[in-house]
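Hi everyone, thanks for coming.

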Amino acid sequence: MSTFLIGGGWDTAEVYEPFVRAVGEDRRIGCLIVDEGDGAAQFERYAGALRKAGPCTPVPLFVPLGGRFEPEEALEDAPDAIGGLLVCGGLTPAYQEALADCRERLAGLLAGRGMPYAGFSAGAAVAARRAVVGGWLVDGVPVCPEETGEDLAEVEVRAGLGLVPFAVDVHAAQWGTLARLVGAVARGEVPYGVAVDENTLVTVEGGEARVAGRGRVHVVRPDGGGGVLVRACRAGEGFAVE
């Protein structure tokens with residue numbers, strides 16, 4: 001299966017195009033949204049972006065705030081089969097909680113059906129095996145702006161879907177979250193990570209990741225001495241997935 005990680009932003013449809021092509025022409029795409037009260041309006045934004053990217057039929061999959069997602073009911077038992085899953089953006093801890101009870105089942109269902117997965121912002125973060133879900137402090141020291149903390153103070157890492165082995169942070173250039181990921185990698189809470197700018201896509205297939213879109217992807221790896229090494233990749237470049 002292919003995994004598509006989008007760092008946020010609404011300015012370009014091109015970051016959705018590889019996902020829509022992988023799903024297949026005129027196929028149904030499930031849009032998983034944790035509904036904080038504006039779910040219908042959020043769905044229309046995602047549906048519009050997907051339709052600009054190519055022929056498809058977006059389908060809303062709403063989970064109420066505090067609720068749990070049931071993948072079998074949503075993806076297998078629907079009257080018309082869904083060919084791809086987009087996990088949308090919003091409060092990242094809420095998405096992690098919505099998926100917490102079905103992590104292995106959802107990953108197995110996606111792999112078994114060869115169903116492409118796309119994550120936008122929060123959906124990209126929770127695709128990781130070890131997901132950075134928010135926070136703006138490391139041991140009480142600020143590492144990114146407080147307003148980017150996702151209602152958390154200390155940087156928090158939780159169990160994710162395990163679709164990719166690296167941690168993912170998003171809105172990197174726009175929100176200043178690269179330093180948050182650097183902190184998580186330096187502390188050994190995640191093996192390595194990628195911080196993705198808005199309007200930027202990381203496509204993961206097999207053992208390779210490729211970058212597309214308007215921004216950069218910052219690959220953060222431990223240096224073996226308590227620090228990290230950061231490599232910035234632009235569109236057309238890639239890195240090995242280990």
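Helix α2 has 15 residues and runs 21 Å from its first C-alpha to its last, close to the 21 Å expected at 1.5 Å a residue; that expectation is 1.5 Å times one less than the number of residues. Helices (H or I, at least four residues) and strands (E, at least two) are DSSP runs, numbered from the N terminus.

A quick word on the source: this is a predicted model, where local features need pLDDT of at least 70, side-chain atom pairs count only at pLDDT 80 or more, and totals for chains, interfaces and linings use all residues. Residues are numbered from 1 along each chain as its sequence is written, and side-chain values use heavy atoms, leaving out hydrogens and water.

Which residues of α2 are buried? They are G39, F43, Y46, A47, A49, L50 and A53, where buried means under 20% relative accessible area, exposed over 50%, and partly exposed in between (1.4 Å probe, protein chains only). Because they cover an arc of only 165° around the axis, they sit on the same side of α2; the arc is taken from the directions from the helix axis to the C-beta atoms. The face turned away from that buried side carries exposed A40 and K52.

And what do the buried residues pack against? Their partners are α1 (17-23), β2 (27-35), β3 (56-64), β4 (84-87) and β5 (117-120), with contact meaning heavy atoms within 4.5 Å. Looking from L86, its contacts include Y46 and L50, along with F19 and F120, not counting residues up to four places away in sequence.
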